[in-house]
4 protein chains.
Amino acid sequence: MKRPLQISVVGAGSADSNLYKLAKEVGEQIALRGGVLVCGGLGGVMEAACRGASEAGGLTVGILPGPEAKEANPWVGVIIPTGIGHARNVLVAQSGDVVIALPGERGTMSEIAIALKTGRPVIGVRAWGDIEGVEVEVDAKNAVAKAFEFAGGER
Amino acid sequence: MKRPLQISVVGAGSADSNLYKLAKEVGEQIALRGGVLVCGGLGGVMEAACRGASEAGGLTVGILPGPEAKEANPWVGVIIPTGIGHARNVLVAQSGDVVIALPGERGTMSEIAIALKTGRPVIGVRAWGDIEGVEVEVDAKNAVAKAFEFAGGER
Amino acid sequence: MKRPLQISVVGAGSADSNLYKLAKEVGEQIALRGGVLVCGGLGGVMEAACRGASEAGGLTVGILPGPEAKEANPWVGVIIPTGIGHARNVLVAQSGDVVIALPGERGTMSEIAIALKTGRPVIGVRAWGDIEGVEVEVDAKNAVAKAFEFAGGER
Amino acid sequence: MKRPLQISVVGAGSADSNLYKLAKEVGEQIALRGGVLVCGGLGGVMEAACRGASEAGGLTVGILPGPEAKEANPWVGVIIPTGIGHARNVLVAQSGDVVIALPGERGTMSEIAIALKTGRPVIGVRAWGDIEGVEVEVDAKNAVAKAFEFAGGER
């Protein structure tokens, strides 16, 4: 039995229209290739990625910081209402076979740090090139292609 | 948009053939009604329930105590490798709109306690009648029917 | 180097005057014997036990569910503001070499379950005799004496 | 009642003699000023800081990733054996009124990110000047002095 690739998408909890569009494309590309999208389940990059994946027919998972399922954005399919606050960032990072990092702030940085520490490949999209170990791509399609390439042999 | 009901199944990490059969039926019934099965992702009751749901075409989620996806039983569809040890029991309990509890030990008891504390209905199957607040059913079909009935109006 | 015994005290988050007095005596006895009191850091049994220990010159540790140190009761010496919600119950249980359980509800039950699962002795005080593996004592002095006896040889 | 300042010290889990000496001085300075030292409880920077604080008569707290108290270094006074793995980094960051960051790797980066996200001042010692929001000092004495200055008014 072969399970689908899980890709965690991390990034800012709020997004202007450019960032929202980029994150939506990342989600869409993941779904089109048959991946499962994992994220923090809230707004901004998380919502846009879920929306893109969901509208393309893909499965989305939201690992929420709070204990209430209703906090999830409307495009989350499976909801994990952890109640463990910022510690849920560690679970988001670890639940990806690969992590795709869009522009974000401290929370996103913590997720990248844990992903790298636990040996996950991290692909930045137009961001995070200053952190050693992050591979940067310029658009959604290439980022997701690289994610599948990196994870290809390992499950 | 209406997401499917999430039902957490908790119980012993090892199972004799009777308990395995019962847990498999619970998983199967959940899938047949369109629910998502959430569990701890390991062996025994968790494996049997995942197997029953998966073979009936349903989606299964395994919230693992360890940080490695490969610990999951083969019938887990979405893997959350938390690395948070016994604290993952809290997440299993909270990720169900309803919790179905099969025979088990201390770990199962901790999940029932958290589910009740956070206001989830808990349905015991041939067990846990000694904990106030647990409704006991005698077979898989009735337990899952009651789970859907309890959760019916609330999402 | 020999560190002092750590004793976790668990019980209800609110307490009538009888329960408050009992918990305060438990805290006091722990401090008089040189133990460190660990608890959930909030009100009721937790507050009373911290107060008893603190007023007797002992060290107290509060492992809070929320992320804010100010939620701690005033008799907590060392504050761990976890932000992990109910999952902090697991840490309270695991941080005791022994666990003393006073009357409480579901949260307390989850702590007892985890303590037993992870091999800690659990001493109930006027409660929890219905859970297999819990030793019940009738007063604070005997409960704390038994806690030190149980943990005596193991660090 | 005024509790002592809690200062979290984060940094690499292994240390050469220069880094060990620096971390030991940080611990010592914290103890001399009456602060409580919080850290991850393991080796390297964590051990050196605990040792410095403990030998100067201060209280030390180790928030361990694993569930076993015996993993703590010998200079930890209060042991929190969380069993929550890398998620314990979030607790280390949040348990400091201020965070002092010595040279380290990804784990340390995750702690700095969470500390900044949750509004704690972060003081780097000979490191982390590339992360916006970190104030860098060149020696232990100045770093600890600044930590007390930053936290001065807020408890």
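A polar contact is a pair of N or O atoms within 3.5 Å; within protein, one atom must be able to donate a hydrogen and the other to accept it, and residues adjacent in sequence count only if both atoms are side-chain atoms. Keep that in mind for the first stop.

This is a predicted model, in which local features need pLDDT of at least 70, side-chain atom pairs count only at pLDDT 80 or more, and totals for chains, interfaces and linings use all residues. Residues are numbered from 1 along each chain as its sequence is written, chains are lettered from A and ligands numbered from 1 in the order in which they are written, and side-chain values use heavy atoms, with hydrogens and water left out.

**Stop 1: chains A and C**

Select chain A and chain C together. Between them you will find two residue pairs in polar contact, both at pLDDT 80 or more. Four residues from chain A and four residues from chain C make the contact (heavy atoms within 4.5 Å). About 210 Å² is buried here, 58% of it from carbon and sulfur atoms; buried area is the accessible area (1.4 Å probe) that two parts lose on being put together, summed over both.

Now pick Gly83(A), Ile84(A) and Ala87(A): they supply 88% of the area that chain A buries against chain C.

**Stop 2: the sheet of chain A**

Show chain A as a cartoon. Seven strands form an open, parallel sheet in the order β4-β3-β2-β1-β5-β6-β7. Helices (H or I, at least four residues) and strands (E, at least two) are DSSP runs, numbered from the N terminus, and two strands pair if DSSP finds at least two bridges between them. At the edges of the chain A sheet are β4 (78–81) and β7 (134–137), each pairing on one side only.

Next, select residues 60–64 of chain A, which are strand β3: four bridges join this strand to β4(A), and the two run parallel. Look for Leu64(A), which stands opposite Pro81(A).

Then highlight residues 17–32 of chain A. This is helix α1, which packs on the sheet and touches β1, β2, β5 and β6 of chain A.

**Stop 3: the sheet of chain B**

Move to chain B, where seven strands form an open, parallel sheet in the order β4-β3-β2-β1-β5-β6-β7. Because β4 (78–81) and β7 (134–137) of chain B each have a single partner strand, one side of each is left without a neighbour in the sheet.

Finish at Gly62(B), which stands opposite Ile79(B) in β4(B).

Conventions: Axes fitted to C-alpha atoms, helices over the stretch in contact; angles between N-to-C directions.
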